[in-house]
Amino acid sequence: FLFMGVGMLSAQTEPAKEVSPWTREGYAGLKLTQVSLTNWAAGGDNSVAFDLQGAYQANYKKGKHLWNNRLELAYGLNKTGEDGVRKANDKIYLNSNYGYSIAKSWYASAFATFQTQFSPGYDYKVNKDISVSEFMSPAYLTTGLGFTYEPNKIFTVVLSPASWRGTFVLNDRLSDEGAYGVDPGKHLLSSFGANLKGEVRYEFMKNMTVYSRLDLYSDYLDKPQNVDVNWEVQINMAINKWFSTTLTTNLMYDDDVKIAQKDGTKGPRVQFKEILGVGLQFNF
């Protein structure tokens, strides 16, 4: 009885494990594709491609404080026949949002988002030797004040009626051409408007998750009716611990980005990108 009493007292006095206010998750993956044809009657061309993708999310929630952070990186190359190596995917995305609770599920918040790319990009239909984009050309930095609504871990909405967006074009040639909306010779386009961001993170089946992010931006000072749209969907289907299938889509519309057409004219257009890959993936 004495030993039982001591054991019970020891168990009662052991401090309870504190639940961390941080929630962290992420993945890094490599997708490979290779095609080799020899005397293939149906036709085709040899090709090899790889795509690196990674994302990391670290969220803090304790008391009245909320702090969400997300990093996304992607880079891909492909080579088909005699066309040489061409870039197929390129992204640097970083977002941070801090909120202070003012009501149930509502936070007064401030956010900052930065997005650019790693290496030069080319419009191969127009000219494969002159780049149409570079690192920090363009780059987008958006900051704003507003409100965050987060009723659960699945759904988050950030509304910023007062937000500033800077479009940076640091490459001199692209700046002189007035690319991405900057005045010719200038390296920065400033705009002030409203930003709405919605995020969904959901495991719709076992080992199958979807992450969707929709960004809407309206410039109060220049054609506020022409809303810029950036909608990304990332579906991750884990095959086992090391292999997975990912499907990524990105739909964009930016009124300041003029895209060349076959007739030589330039104007804003709806942009769409889709990437499907199977390969190695490490979740952490």
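Tyr 56 is partly exposed, with a relative accessible area of 33%; that class sits between buried, under 20%, and exposed, over 50%, using a 1.4 Å probe and protein chains only. Phe 284 is also counted as partly exposed, at 43% relative accessibility.

This is a predicted model, so to speak of local features pLDDT of at least 70 is needed, side-chain atom pairs count only at pLDDT 80 or more, and totals for chains, interfaces and linings use all residues. Residues are numbered from 1 along each chain as its sequence is written, and side-chain values use heavy atoms, leaving out hydrogens and water.

The whole structure holds nine aromatic pairs, meaning rings of Phe, Tyr and Trp (its six-membered ring) with centres within 6.5 Å; planes under 30 degrees apart are stacked, over 60 edge-to-face, and the rest tilted. Tyr 56 and Phe 284 are stacked, because their ring centres are 5.8 Å apart and their planes meet at 25 degrees. Tyr 56 belongs to strand β2 and Phe 284 to the segment after β14, so the pair links parts 228 residues apart in sequence.

| Residue | Relative accessible area |
|---|---|
| Tyr 56 | 33% |
| Phe 284 | 43% |

Strands here are DSSP runs (E, at least two residues), numbered from the N terminus. Twelve of them close into an antiparallel barrel, in the order β1-β2-β3-β4-β5-β6-β7-β8-β9-β10-β11-β14; strands pair if DSSP finds at least two bridges between them. Antiparallel β8 and β9 are joined by twelve bridges.

Conventions. Helix = DSSP H or I, 4+ residues; strand = E, 2+ residues; numbered from the N terminus.
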